[in-house]
Amino acid sequence: MTGPSLVATAVTKTFGGLRAVDRVSLTVPPGRITSLIGPNGAGKTTFFNCLTGLLEPDGGEITFGDRDISGLETHQRARLGIGRTFQRLEVFTGLSVFENLQVAAEAISPGNTFLGAFRLRHRADPEVVAQVESVLDRLDLAWAARRMAGDLPTGVLRLVELGRALCTDPKVLLLDELASGLDDAETEELAAALTTLSADGIGVLLIEHDIELVLGISQDVYVLDFGKVIAHGTPRQVAADPNVQAAYIGSERKKSRERATRSNRGGRGRAAARA
């Protein structure tokens with residue numbers, strides 16, 4: 001696949017006496033889904049924040065293609081093609097789905113900074129409109145374009161988050177627990193969307209507690225525990241690792257089944273939202 005790889009080499013981040021990320025090396029190639037799994041508190045989100053520039057590492061190097069981006073700000077990395085979503089839902093509930101995506105598309109428009117956020121009620125640039133409409137179609141969200149985000153269920157809003165990230169025209173996507181709160185049907189839709197995106201050449205780095213999703217769509221899996229990579233390989237290799245089984249996968253599969261049962265009972269997925 002063409003396109004740059006996002007590469008972390010010996011990245012370290014310490015808070016006081018706690019080494020939250022301990023010399024972590026990881027590669028996100030174009031056109032592949034790479035997953036980062038591990039227990040809560042393992043350092044996964046801290047590592048994500050180092051990759052995107054929200055945190056400055058204490059050591060190591062981060063490159064994107066042939067460029068060292070370790071010293072770049074978050075917005076500079078985003079403009080190079082690094083997009084992300086957050087663990088908590090981060091949508092503008094008082095805006096429509098279209099406007100949520102428009103904010104992101106405006107932010108990367110030439111000559112624009114944050115002006116787009118203040119021009120939502122006015123006529124948007126035709127190129128921005130075309131970009132938003134393309135992403136809505138890509139994620140099968142056109143039906144929700146004019147719906148207020150605050151009126152939609154979690155399953156739809158997770159796709160809105162993904163759509164907003166896609167509106168920045170990313171080459172690499174960093175997705176932090178995007179399947180959180182989804183029922184089985186919504187998770188299947190998300191899996192299909194991510195598989196299609198990777199097939200289009202986008203590199204995906206996924207933090208996820210839904211083990212079945214990770215093992216079903218990933219090409220590479222890294223396991224983080226106490227800030228260190230304790231295993232790396234294909235899904236089959238990682239799933240068969242007895243240390244990983246004991247420390248994480250066995251218990252997480254049970255939790256995933258319990259979460260799915262509770263979520264499926266809620267019945268607030270896309271079908272209910274369309275009604």
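Predicted model: local features only at pLDDT ≥ 70, side-chain atom pairs only at ≥ 80, totals over all residues.
Student: Which residues touch the most other members of the largest nonpolar core?
Tutor: Leu-162, Leu-190 and Leu-194 do, in a core of 40 residues. Such a core is a set of buried Ala, Val, Leu, Ile, Met, Phe, Trp, Tyr and Cys residues joined through side-chain atoms within 4.5 Å, where buried means under 20% relative accessible area with a 1.4 Å probe, protein chains only.

Student: And which element gives the largest share of this core?
Tutor: That is α5, with seven residues. Helices are DSSP runs of H or I, at least four residues, numbered from the N terminus.

Student: What does Leu-190 touch?
Tutor: Leaving out residues up to four places away in sequence, Leu-190 touches Leu-159, Leu-162, Leu-178, Ala-179, Leu-182 and Leu-213. Contact means heavy atoms within 4.5 Å.

Student: New topic: at what angle do α3 and α5 cross?
Tutor: Roughly 30°, with the axes of α3 (residues 97–107) and α5 (residues 154–166) coming within 8 Å. Axes are lines fitted to C-alpha atoms over the stretch in contact, and angles run from 0 to 180 degrees between N-to-C directions. The two helices are therefore roughly parallel, a label for angles under 35 degrees.

Student: Which residues of α3 and α5 meet there?
Tutor: Val-97, Asn-100, Leu-101 and Ala-104 in α3 meet Val-160, Gly-163 and Arg-164 in α5.

Notes. Residues numbered from 1 in each chain as written. Heavy atoms only, no water. Parallel < 35°, antiparallel > 145°, perpendicular 65-115°, else oblique. Buried < 20%, exposed > 50% of the residue type's maximum accessible area, 1.4 Å probe, protein only.
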